[in-house]
Amino acid sequence: MPLAHEPLGGLGGVKHPPDEGNAPLVVLRDVVRAYPRGASQVVALAGVSLEIRAGEKLAIMGPSGSGKTTLLSILGCLDRPTAGEQLFEGRSVASLGDDALSRLRNRAVGFVFQAFHLIPQLTVVENVETPLLYEGAPLHDWRPRALRALERVGLVHRADHRPSELSGGEAQRAAIARALVTAPRLLLADEPTGNLDSRTGDEIRALLDELHAQGATVVLVTHNEALGRGAERVLRLRDGRVESEERP
Amino acid sequence: MSPALVVLLQLGARSLRLHKLRSSLSILGVVFGVAAVVAMSSVGEGARRETLAQIAALGIDTVTLKPPASALGEPAATLPLAAADSLFRVVPGVQAVAPLRVVELSADAGGRSASVIALGTTPRYADAARLELAAGRFLADLDVADRKRVAVLGASVARALFPLQSPLGESVRLGGDWYRVVGTLQERASPRTRGAAIRGRDLNRAVLVPLPALDRGGDPRPDGVDEIVFRLANADGVTQAAGVAQALVRRSTGAAPEAVVPREILRQRERTQRVFNVVTGAVAAISLLVGGIGIMNIMLASVAERTREVGVRRALGARRRDVAAQFLVESSLLTVTGGLFGSALGLVGAVLIQTFAGWPTAVHPLMLAVALIVALAVGIGFGFYPAWHAAGLDPVEALRRE
């Protein structure tokens with residue numbers, strides 16, 4: 001599958017000031033996430049510490065209920081820790097208001113979901129344009145930028161189709177294009193191959209590898225050992241704690 | 001318009017089209033509410049315009065004095081002719097005063113006849129009643145002084161008696177006497193619609209002759225007149241002027257005449273109109289409340305079934321207010337569409353009312369603008385809670401929803 005030859009925008013080319021060249025993209029320290037349930041609490045994360053460096057490819061693995069998705073939501077600033085410290089590019093996330101977090105998600109984070117989560121009434125290219133609405137990009141930039149993102153996932157020929165007309169692999173590529181369109185620093189994928197057969201799953205894995213090779217920081221949540229082994233670092237969670245960390 | 005709003009409008013239109021039936025049903029309340037308001041206000045506006053037209057014909061700056069009602073069996077009371085002169089001298093700001101004798105007669109000319117209102121008056125009447133000549137001349141002072149038998153015909157009289165030729169110079173028999181036609185009047189809007197607030201005189205049916213030339217045969221009070229009309233230079237003093245005039249006449253006759261002040265009638269009419277407006281407003285408020293609740297209901301359903309979309313949009317960087325804006329645009333689009341259809345239906349209703357009930361109706365263009373603004377306000381007002389609810393959804397929870 002051909003990828004565009006242009007540099008990967010902010011995805012890989014993180015522009016840090018020189019003195020922060022080695023600062024981690026994301027830092028979590030003793031992060032706890034607990035949900036109230038009736039009188040008691042459900043603890044999804046029970047003290048997770050973690051650093052993610054720019055350009056890294058990290059897999060988060062573990063049985064269901066181990067807190068993988070909660071961790072991914074916190075990494076993507078979609079959820080907030082109940083306790084503990086969280087830094088994004090050296091800035092504390094706890095002090096940010098809801099609008100600032102939304103802005104951070106929009107500019108710095110790209111989400112890829114297991115069930116694609118494309119908006120059914122929009123065409124593929126319109127789905128890819130959606131983050132640009134929230135970025136406040138000028139309208140005439142939308143189409144070229146969305147098409148460039150679609151080009152990078154090899155889906156330009158499906159731009160005007162509805163999500164319901166796409167195969168699973170195509171839908172996930174569209175979702176990846178949507179995650180890429182704002183040139184985020186961090187790409188988060190939650191079971192990106194979970195709803196795909198093994199062959200298209202391999203295609204998506206290859207696409208993510210390719211993006212990573214171009215410099216993207218990728219964090220994957222997966223059950224899939226093969227997908228996990230492709231990462232530089234694998235974090236295994238159990239009962240809301242980091243059970244082990246390995247470099248395959 | 002900001003690009004975001006354009007996109008939100010397109011987006012909203014698309015999701016509403018996705019559920020055509022549901023969207024159409026949900027705006028019915030607004031449609032009928034707006035239609036009722038437009039139709040009812042058209043009735044009010046029609047009545048108002050008619051009143052205004054009558055007032056314009058009578059003149060907002062005029063006063064008509066009529067003798068006090070006489071007791072049963074007594075001859076009809078009159079006003080002293082001399083009062084006209086004293087009014088002209090005494091009433092502040094008076095511009096023209098004209099006495100009138102009024103007799104319903106039949107007029108004949110060249111084998112045709114018409115039932116007319118013969119008005120004996122003076123040249124000042126042209127100014128007092130704002131008469132416009134179509135042809136010839138009006139009554140002159142010499143006509144009055146010499147009791148000349150000349151006549152000025154109202155537009156419909158002229159048409160009825162002289163359908164094929166100019167009436168100027170022709171003779172008309174009025175009662176028992178022959179008059180020479182010297183002029184004709186222009187057609188005037190006639191206050192003939194039923195339910196009119198003011199019963200004006202139809203001057204199209206009038207034949208104007210010099211006051212002393214109108215013979216009433218055996219009049220017990222030859223110096224009496226039936227009406228005195230005067231017009232002021234400025235409409236503001238019309239109520240006081242009417243009071244002065246009444247006092248003046250009472251001093252000479254002992255009884256206060258009746259004063260018809262169109263401006264007062266207009267005020268009265270405005271008070272009635274205000275009551276009507278309050279009733280219309282209440283009906284509008286209730287129907288729009290019902291319509292709005294329907295909108296809120298459908299928007300809540302829409303938010304519920306699109307919870308996951310809200311989660312996705314939040315993940316893609318939508319702020320709470322972006323989510324709220326999306327649903328507000330949608331609900332406003334619904335109600336404004338309802339407002340448009342409602343206005344159209346209301347216009348049809350106004351035409352039907354005029355055709356079948358015979359009430360004059362008129363739609364003020366501003367009313368349509370107000371209807372649309374109100375519809376927009378209903379959309380924002382009743383869309384607010386659903387939008388606020390959507391904006392407050394927890395993104396993680398929302399994404400998990402199937």
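Colleague: In what order do the 6 strands of the open sheet in chain A lie?

Modeller: Strands of a sheet pair through backbone hydrogen bonds, either parallel or antiparallel. Two strands count as paired if DSSP finds at least two bridges between them; strands (E, at least two residues) and helices (H or I, at least four) are DSSP runs numbered from the N terminus. In chain A of this predicted model, the order is 6-7-8-3-9-10, with mixed pairing. Local features here need pLDDT of at least 70 and side-chain atom pairs count only at pLDDT 80 or more, while totals for chains, interfaces and linings use all residues. Residues are numbered from 1 along each chain as its sequence is written, and chains are lettered from A and ligands numbered from 1 in the order in which they are written.

Colleague: Which strands stand at the edges?

Modeller: Strand 6 (109-112) and strand 10 (241-246) of chain A each have a single partner strand, so one side of each lacks a neighbour in the sheet. Strand 10 of chain A pairs with strand 9 (233-238) of chain A in the antiparallel sense over 5 bridges, and Val242(A) in strand 10 stands opposite Leu237(A).

Colleague: Which element gives the most to the side of chain A that touches chain B?

Modeller: Contact requires C-beta atoms, placed from the backbone, to lie within 7 Å. By that criterion, 20 residues of chain A and 19 residues of chain B take part. Helix 2 (98-108) and helix 3 (124-135) of chain A are the elements giving two or more residues to chain A's side, and helix 2 gives the most, with 6 residues.

Terms used. Contact = placed C-beta atoms within 7 Å.
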